[in-house]
Amino acid sequence: MNPFQPIGRLAFAFLGTLGRIVVFTGLALSHIIRPPFYFRIIGRHMLEIGYYSLPVVGLTAIFAGMVIALQSFTGFARFNAEGAIANVVALSITRELAPVLTGLMVSGRIGAAIAAEIGTMRVTEQVDALTTLSTNPFKYLVAPRILAGMTMLPLLVFVADIIGILGGYIVGVYQLDFNPANYLQNTYDFISALDIVSGLVKASVFGFIVTLMGCYHGYYSKGGAQGVGQATTNAVVSASILILLFNYILTGIFFAANV
Amino acid sequence: MSEPEIKIRMRDVTKRFGAKVILDNFNLDVRASESLVVIGGSGVGKSVMLKCILGILTPESGSITVDGIEVANAGSAEHEAVNAKVGMLFQGAALFDSMTIAENVAFSVTARKPVSAKIAREIALMKLSMVGLKRSVADLYPSELSGGMKKRAGLARAIAADPEILFFDEPTTGLDPLMGDIINDLIVHCVEQTGATALTITHDMHSARKIADRIAMIYQGKIVWIGDTAEIDSAANPLVDQFIHGRTDGPIQMAVRR
């Protein structure tokens, strides 16, 4: 056997998948901007993605903020820079931790659910049934979910910013004996609009990635229950990797010029 | 005698999955207002044929026209125009899990006509009663229904928008003989009442004899016999003879992996 055969096969499979994702993304975007719009369905998904993800995102954010405060205290105490803890918590929460952790948590909660739901609809011919009922599956299944993901993730991240900073405040004030007013003033003075906006833009991109991967893997799932299970796993894994990749790219775009 | 009006015409349609040819220069005419049943073994391309007509699958070559509209390799506008005339009962009913039975049936109406939710529900309840489902079933979810009731609900959804064309994909598969016969009767009743053109695919000969005006047999991607239902027992075709009598020995060789 030619040793290059498996490499070639892998390369073709990769390019094929990449091509399918690009076409799928193009179709999804074209249906997001073209009527008809299913407002009731968009609203339902916004509620599912936004409101019902609040507890898990809130818990993640508060513990992240608390851990950052503790860790930076141990580190900064070595060179008497404890005063910078409030700044570090605010910066790391708004720029990185809130968007990335929210993206990853929502990927596990929503991306998996989307892939499982659309995947089940695919293998039970419900997606085909939509087509025979003069309803475009992209418009009815994909576009509302992506739209909801892109709009709800920034809101979730905004809430996570507040709760994460609160977590740092709780540790700083009640465990490390910082002055509450000083802690809040430090946070307020140091944080800039770009820190928050960059996190919200990242969140919107992550919302797009999570819902797109859920829809894509669900839409192309096959082979019954096993196929749906595989689609769910693939949706979460691919969304998580893409979130980390795009986090790097977006951080580069936002902050490379003024590090 | 004048030529019968053709509702669906398939000419030289070829569909492959990889190296495997499923439809091989496939030709079929479905006349207006007739009930045509396509029979054939599992995996011979019956479902693929239906999916090509509906635009769910795209054939590599050939022509498919529905009411003169070309749908093979057509754009979404053509498919939407054709699908607006179509009602389909899927093998597993394919009811939407997230909707109640009434919402499933009403969806078929609201997706095609600008009607209020209230009127759509009234139409749904009427169609559900046409297929023998009580009002109490309307607000249940598909997971709460038996296989036969799901098929009835699927049938109600298929006829809800009064389509010109009805497709039935293995309508009696997975049902006990009594329920199968009830579904057959309902199909005959619905097709007669709506005056629609019906295209059914099945391997259930009892169902085929009951539903069909004409029967066609598909084998190795081609129609190998087509004729009136009454003629099938006297068809001088060894493939048809073997299939309708369910014999294992004959020209049809089933692929069995050992």
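1. The largest pocket is lined by 46 residues, and A:Arg122, A:Phe138, A:Tyr219, B:Gly55 and B:Ile56 lie nearest its centre. A pocket here is an open set of points on a 1 Å grid over the protein atoms alone, where a 1.4 Å probe fits, with protein on both sides within 12 Å along at least five of seven lines; lining residues have an atom within 4 Å of a point. H1(A) gives the most to this lining, with 6 residues.

2. This is a predicted model, in which local features need pLDDT of at least 70 and side-chain atom pairs count only at pLDDT 80 or more, while totals for chains, interfaces and linings use all residues. Residues are numbered from 1 along each chain as its sequence is written, chains are lettered from A in the order in which they are written, and side-chain values use heavy atoms, without hydrogens and water.

3. Within the largest nonpolar core, of 92 residues, B:Met10, B:Leu28, B:Val38, B:Met49, B:Phe167 and B:Leu199 touch the most other members. Such a core is a set of buried Ala, Val, Leu, Ile, Met, Phe, Trp, Tyr and Cys residues joined through side-chain atoms within 4.5 Å; buried means under 20% relative accessible area with a 1.4 Å probe, protein chains only. Helix H6 (residues 137–175) of chain A is its leading contributor, giving 16 residues; helices are DSSP runs of H or I with at least four residues.

4. Beyond its neighbours within four places in sequence, B:Leu199 is in contact (heavy atoms within 4.5 Å) with residues including B:Val30, B:Leu36 and B:Phe168.

5. Another core, lying apart, has 51 residues, among them B:Leu89 and B:Phe243.

Technical notes: Buried means under 20% relative accessible area, exposed over 50%, partly exposed in between (1.4 Å probe, protein chains only). Helices (H or I, at least four residues) and strands (E, at least two) are DSSP runs, numbered from the N terminus.
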